[in-house]
Amino acid sequence: QPLGLICEEMFGVPPTVVEDAWAEQYAELTAGLDPELQRFDEECVRLVTRRQAWQFAVLPLRWEEGATVVATLPQRLARAHRFMARIVPGPILPLMAEAPELAEALMRHHPFPGMTESMLIRGAG
């Protein structure tokens, strides 16, 4: 069984603690991503509405080997992954982005009046 599940069952570790640990480790292991420089599949980008993209700090980029590649922020990883897993069948491959680059890409692909980089960061708190 996965280590997180064992920790939950045997030691009573809350699932949120396990999820936060996973998100932190995954973010550290994943190389940075500049969404402006990556390949986009416009059909994939349209998997989310502009409200969802900004609310969950997600930008679906493309499909690779059966997985949906999604840009997000390290501090929003767990929430972004949960959201995408609910709307997309199959595996999700999250890639970490810096807030300025993700905000710029979201403004280009999912423009939303009043939404800025500071809104992405504020939503992470």
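The chain holds seven helices and four strands, where helices (H or I, at least four residues) and strands (E, at least two) are DSSP runs numbered from the N terminus. Read from that end, the elements follow the order α-α-β-α-α-β-β-α-β-α-α. The model is a predicted one, in which local features need pLDDT of at least 70 and side-chain atom pairs count only at pLDDT 80 or more, while totals for chains, interfaces and linings use all residues. Residues are numbered from 1 along each chain as its sequence is written, and side-chain values use heavy atoms, with hydrogens and water left out.

Of the 125 residues in the chain, 38% are buried, that is, under 20% relative accessible area with a 1.4 Å probe and protein chains only. Among the contacts with a separation of 6 or more, 58% are made by residues 24 or more positions apart, a contact meaning heavy atoms within 4.5 Å.

Which rings pair with each other? A search of the whole structure finds one aromatic pair, and this pair is formed by F56 and F83, which are stacked at 4.0 Å centre to centre with 5° between the planes. Rings of Phe, Tyr and Trp (its six-membered ring) are taken to pair if their centres lie within 6.5 Å, and they count as stacked if the planes are under 30 degrees apart. Because F56 belongs to helix α4 (residues 50–56) and F83 to helix α5 (residues 77–87), the pair ties together parts that are 27 residues apart in sequence. Both partners are buried, F56 at 10% relative accessibility and F83 with a relative accessible area of 4%.

Another ring, that of F112, has R50 lying over its face at 4.9 Å from the ring centre; for such an arrangement, CZ of Arg or NZ of Lys must be within 6 Å of the ring centre and within 35 degrees of the ring normal.

The search of the whole structure finds one cavity of 30 Å³ or more, a cavity being a set of points on a 1 Å grid over the protein atoms alone where a 1.4 Å probe fits but cannot get out. The largest cavity has a volume of about 30 Å³, and V70, T72, L77, A80, H81, I92 and P94 line it, lining residues having an atom within 4 Å of a point. At least two lining residues come from each of β3 (67–72), α5 and β4 (92–97).

Key. Rings of Phe, Tyr and Trp (its six-membered ring) pair if their centres lie within 6.5 Å; planes under 30 degrees apart count as stacked, over 60 as edge-to-face and the rest as tilted. Buried means under 20% relative accessible area, exposed over 50%, partly exposed in between (1.4 Å probe, protein chains only). On a 1 Å grid over the protein atoms alone, a cavity is a set of points where a 1.4 Å probe fits but cannot get out, and a pocket is an open set with protein on both sides within 12 Å along at least five of seven lines; lining residues have an atom within 4 Å of a point. Grid points are joined across faces, edges and corners, and a volume is the space filled by probe spheres set on the points.
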